[in-house]
Amino acid sequence: MNLFRINVKSPVGAWGVEGNESGVTRIRLPHERTSPTRDSAPKPVVDAARQLEEFFAGSRRTFDVDLAEVPATAFQRDVWSALGTIPFGEVRTYADVAIMVARPLAARAVGNANHANPWPVIVPCHRVVAASGLGGYGGGDDVKRYLLALEGVQYS
């Protein structure tokens with residue numbers, strides 16, 4: 001099945017929305033440069049791009065996007081599902097998410113699952129922070145701070 005890409009501009013760079021007729025397969029972070037496809041993208045990709053634009057403009061807090069099936073472990077799927085329950089403008093620690101998925105000693109594994117999240121922003125891994133501060137983010141600290149600030153959360 002062909003993959004289609006649309007780039008979405010933000011103050012921290014362009015995000016790539018990638019997918020096909022069955023859903024979004026990946027959101028590429030700003031440092032993962034990708035060219036948009038020339039062909040018209042299918043509805044799930046167009047919808048996700050529009051909703052990301054609305055999020056970056058400050059007019060969207062939640063997403064209603066078709067996500068394609070991607071290879072993942074059961075634990076990763078559990079973590080990604082838990083991330084989707086963290087409300088806009090709130091954060092949880094890696095340990096909090098480990099408890100949410102009934103694996104209270106798996107905070108480090110939660111970090112690994114966050115890093116493997118194929119749909120950043122839409123599945124809000126940026127809302128997970130370390131007990132001692134910001135924590136990591138695949139897009140870098142500045143991008144994570146931007147996303148949190150957009151939601152009214154300040155982290156130094």
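These notebook entries record what I looked up in a predicted model of one protein chain.

**Conventions.** I note that the model is predicted, that local features need pLDDT of at least 70 and side-chain atom pairs pLDDT 80 or more, while totals for chains, interfaces and linings use all residues. Residues are numbered from 1 along each chain as its sequence is written, and side-chain values use heavy atoms, with hydrogens and water left out.

**Overall fold.** I looked up the secondary structure and found 5 helices and 5 strands; these are DSSP runs numbered from the N terminus, helices being H or I of at least four residues and strands E of at least two. From the N terminus the order is β-β-β-α-α-β-α-α-β-α. Along the principal axes, the C-alpha atoms fill a box of roughly 45 × 30 × 25 Å. The radius of gyration of the chain is 15 Å, which agrees with the value near 15 Å for a compact globule of 156 residues; the radius is taken over C-alpha atoms, and the globule rule is 2.2 Å times the number of residues to the power 0.38. Of the contacts (heavy atoms within 4.5 Å) with a separation of 6 or more, 56% join residues 24 or more positions apart.

**Burial and helix α5.** I find 47% of the 156 residues buried, meaning under 20% relative accessible area with a 1.4 Å probe, protein chains only. In α5 (residues 141-150), the buried residues are Val143, Lys144, Tyr146, Leu147 and Leu148. Their cover includes β2 (15-20), α1 (43-56), α3 (94-100) and β5 (128-129). Just after α5, glycine 152 takes a positive phi of about 85 degrees.

**Helices α2 and α4.** I looked up the axes (lines fitted to C-alpha atoms over the stretch in contact, with angles from 0 to 180 degrees between N-to-C directions) of α2 (residues 74-83) and α4 (residues 107-116): they come within 9 Å and cross at roughly 80 degrees. This makes α2 roughly perpendicular to α4, a class that spans 65 to 115 degrees. Phe75, Gln76, Val79, Trp80 and Leu83 in α2 meet Ala109, Val110, Ala113, Asn114 and Ala116 in α4. The residues of this contact divide into 8 nonpolar, 2 polar and no charged.

**Arginine 28.** I located arginine 28 in strand β3 (residues 23-28). Leaving aside residues up to four places away in sequence, arginine 28 touches Trp15, Gly16, Glu18 and Thr34. The side chain of arginine 28 makes a polar contact with that of glutamate 18 at 3.1 Å; such a contact is a pair of N or O atoms within 3.5 Å, one able to donate a hydrogen and the other to accept it.

Technical notes
Buried < 20%, exposed > 50% of the residue type's maximum accessible area, 1.4 Å probe, protein only. Parallel < 35°, antiparallel > 145°, perpendicular 65-115°, else oblique. Nonpolar A, V, L, I, M, F, W, Y, C, P; charged D, E, K, R; others polar.
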